[in-house]
Amino acid sequence: MGRQGHSRVILRAENLTKHYGEFRALRGVTLGVSTGEFVSIIGPNGAGKSTLINLLTGLARPTSGTVRFKDRDIGGIGPVKLAKLGMARSFQLVQIFPDLTVLETLQAAVAARLGRGRRIFASLTGDREIQDGALEVAELFGLGVRRHALARELPQGDKKLLDVASAFALRPEIILLDEPTSGVSTADKTRIMEILVRAAKTIGLRAIIQVEHDMDIVFGYSDRIIALHQGAVLADAAPSDIQADRRLVDMVVGRRH
Amino acid sequence: MNRANAVALAVALAGVVAVPWVAPTYHVLLMLPFMAYGVVLLGLNLLFGYTGLVSFGHALFIGLGAYTAAFLTGACKIRSLEIILVVAAAAAALVAMPVASFCVRYVKIYFGMLTLAFGMVFYTFLLKFYKLTGGDEGMPVARPFLLGRDLGAMPKTEYLAGPYYFYSLAVLVVALVVMWRLVHSPFGLCLKTIRDNPAKAETLGISVRHYRWAAFVISAVYAGVGGALLATPTGNVDPTLAYWTHSGNIVFMTLLGGFASFFGPLVGAFVFIYLQDFVMSVVPYWRLVFGAILAALVIFAPGGLMGLFARRRTVEVI
């Protein structure tokens, strides 16, 4: 998404560790994400990416260390409070509401953002703000033509888009995408990334963090790459610097490049 | 709602209004439990069809509503049905609030078992606190005043098949309109997200536990009102109203009609009551027959009777 204006750290992890019994999933991870950045987290399986994501999104509490978002400790605060604070996330396995339409899914997100869920007798169809907000996001993600389709009947790529779109409908300041292109065709991958980056600009998203395995996507879109290995940060640098280090690439990708 | 549904609804409503004039008294009286259960099921389905939680203890709230009616008309000498309905709704809400806060921590079978347990606690209370509840004999329900009018001079069947019939219908229609609004509100949409995928709902900032709690309490209020409405035609309330088989019956009615449809549970209540009446008049083992029907239903028509009409969920264009 390119650097814009002067950057300010909005998400900071200090010396994070996470132990599961004897197993040390993370051992002292420190990182910061600033306004205007697109940061990719890479690493082989078991490097601690999922654990890191769960700590960064307040889903789990670190064994030691802190995660601060907008200068607030968010360790273990849970998804509901996180969403209200302005951080959204999507999951590796696509998460949809199977029996809701595209539009209903997005309306739910907009209604939640506006705090309208408590209005038990208000008309959903009569709420212009919810209707327009949902339609706008649907168009932004190219889902306008399928807006009345049930989520479960969408093709895989569109399910993935809907999942991400509903996170965008929360108009978060920062979004964390766990493998946004996993399980979709190569052609769909580029389409999803292009839509995603454009949507981020449109809604004024301040930062994107993604976990991704596809190195073309990682090198093609990131401003910065954080490479994890055995629960620690192996490298935290610009894509060009990472790419220049063949040994590093082999190590984190886990194959010859 | 589309035009075809609106027409079907208008025809059904006109039919129900016409019943007291065209049908024999016996059938008019059978409509009374249908309307009372209709109110109960509208509430139950908010929990079942819209939030994805199956309660096996909702007879607790039916019993609570019915006993409220008996208690008020008897010991308290309060005969106004409007007051009875309001007190029944309030009592159900008061009991449901703490019960719901326990139950909604769990889902699926654990939720079902916990609601069943609370229902059985209440059943035992009704059975054992003889002085207060009349134990297994229960309590009589005195004929309530309707809109402030004492209709005590009217013969009983005339009262039930006339004024009480239309009163019940009015309550059902109000309950229906309120529930329709509720499921078509932002609140209703949030419930559906929880039914479909609670983990995803939470990432959107929807507090699953709060919404489940609210849905539970609202459904209990509906059951309380329905229970109070059921008390008068029953004439005498007893603990079987709160027994778990009664909770099972209302789940059966919901499945019979189809929980995926707004009107499904009403269809289920209607068919259940007439089918039960018919089967009981033919064979003494009506539960055997109903068990077979339930098994066939789950296997061959999981969408219930309404599911047979709409093969798949159609997109609602309002």
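Guide: N15(A) lies in strand 1 (residues 9–20) of chain A. The model under discussion is predicted.

Visitor: Does N15(A) count as buried, exposed or partly exposed, and on what count of C-beta neighbours?
Guide: A residue is buried with 20 or more other C-beta atoms within 10 Å of its own, and exposed with 12 or fewer. N15(A) has 13 such neighbours inside 10 Å, so the class that applies is partly exposed.

Visitor: Near what value is phi of N15(A)?
Guide: Most residues other than glycine have a negative phi. N15(A), a residue other than glycine, has a positive value, near 50 degrees.

Visitor: Where does Q230(A) lie?
Guide: Q230(A) also has a positive phi, near 45 degrees, and is not a glycine. With 14 C-beta neighbours inside 10 Å, Q230(A) counts as partly exposed. Its place in chain A is the loop between strand 9 (224–229) and strand 10 (232–237).

Visitor: Which element of chain B gives the most to the side of chain B that touches chain A?
Guide: In the contact between the chains, 23 residues of chain B meet 34 residues of chain A. Helix 7 (156–183), helix 8 (186–196) and helix 9 (198–203) of chain B each give two or more residues to that side of chain B. The residues on this side divide into 10 nonpolar, seven polar and six charged. With seven residues, the element that gives the most is helix 8 of chain B.

Visitor: How are helix 2 of chain B and helix 10 of chain B oriented to each other?
Guide: The axes of helix 2 (residues 25–48) and helix 10 (residues 208–234) of chain B come within 7 Å and cross at roughly 170 degrees. The residues of this contact divide into 22 nonpolar, three polar and no charged. Angles over 145 degrees count as roughly antiparallel. The orientation of helix 2 of chain B to helix 10 of chain B is therefore roughly antiparallel.

Visitor: Is M306(B) buried or exposed?
Guide: M306(B) lies in helix 14 (residues 304–309) of chain B. Since the threshold is 20 or more C-beta atoms within 10 Å, the 21 neighbours of M306(B) class this residue as buried.

Conventions. Residues numbered from 1 in each chain as written. Chains lettered and ligands numbered in written order. Predicted model: local features only at pLDDT ≥ 70, side-chain atom pairs only at ≥ 80, totals over all residues. Helix = DSSP H or I, 4+ residues; strand = E, 2+ residues; numbered from the N terminus. Contact = placed C-beta atoms within 7 Å. Nonpolar A, V, L, I, M, F, W, Y, C, P; charged D, E, K, R; others polar. Axes fitted to C-alpha atoms, helices over the stretch in contact; angles between N-to-C directions. Parallel < 35°, antiparallel > 145°, perpendicular 65-115°, else oblique.
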